[in-house]
Amino acid sequence: MTIGYGAPTNDIFYGGCSSMALLLTVESVSGIFLDSLCFGVFFVRFSRATLVEAHVRCYSVAKRHSDAPFQTLPMRIQSPDDNLGAFVLLALPQLIVHRIDPSSPLFPPPASSSSTSSVTQCEIAHHVAQSDLELVVVLEGTDATSGNTMQARYSYTADDIKWHHTFAPCVSRDPVTHGAVVDFDLFHTLVPAPPCPSTVV
């Protein structure tokens, strides 16, 4: 950045004029302040992206499949219903549910399960570990500011699966405004799930 107004001589002190030095100082500080303000406004405006028309998809990658290694299979989503596009409202935390039934990639093959309609948690865990399954979750939506498509992906392995656990409640009601308050300290907290039949998952 270049500042100053020039002088007809080489006197950098402007002939002892102190007001000129003060003016240059004010101009320099004001320019830095305005630049910082503009960058801050720009960063806040575009760093907090808001996704609209957000939807989620799930895939299963079997790394040790007997027929073809690294076979990718889509996973049906029960909630939100993928028949309706699996759209999610990101204003509040959302729970994605996949039902393990005979059409699920997590369901053991008939040769390794005792029943074609229901399996135990141990059979599912053994199948997931033996196939070295990796679950890939894709969240995609449109940035409300720029209109660009944004996508976030995360993968889960057998070590990330916690059986008979659920997420701790992290949304409460504000006593003053009666609005929703999200406690992000509990966002990833897991708690034991309510008891369920031990023979069926």
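Buried means under 20% relative accessible area, exposed over 50%, and partly exposed in between, with a 1.4 Å probe and protein chains only. The model is predicted, so local features need pLDDT of at least 70 and side-chain atom pairs count only at pLDDT 80 or more, while totals for chains, interfaces and linings use all residues. Residues are numbered from 1 along each chain as its sequence is written, and side-chain values use heavy atoms, leaving out hydrogens and water.

**Exercise 1.** Describe the largest nonpolar core.

Solution. A nonpolar core is a set of buried Ala, Val, Leu, Ile, Met, Phe, Trp, Tyr and Cys residues joined through side-chain atoms within 4.5 Å. The largest one has 15 residues. Val56, Met75, Ile77, Leu106, Val128 and Leu133 have the most contacts inside it. At least two residues each come from β1 (51-62), α2 (121-131) and β3 (133-143); helices (H or I, at least four residues) and strands (E, at least two) are DSSP runs, numbered from the N terminus. The largest share, four residues, is from β1.

**Exercise 2.** Classify the aromatic pair of tyrosine 154 and tyrosine 156.

Solution. Rings of Phe, Tyr and Trp (its six-membered ring) pair if their centres lie within 6.5 Å; planes under 30 degrees apart count as stacked, over 60 as edge-to-face and the rest as tilted. For tyrosine 154 and tyrosine 156 the values are 4.9 Å centre to centre and 55 degrees between the planes, a tilted pair. Tyrosine 154 has 53% relative accessibility, so it counts as exposed. Tyrosine 156, at 34%, is partly exposed.
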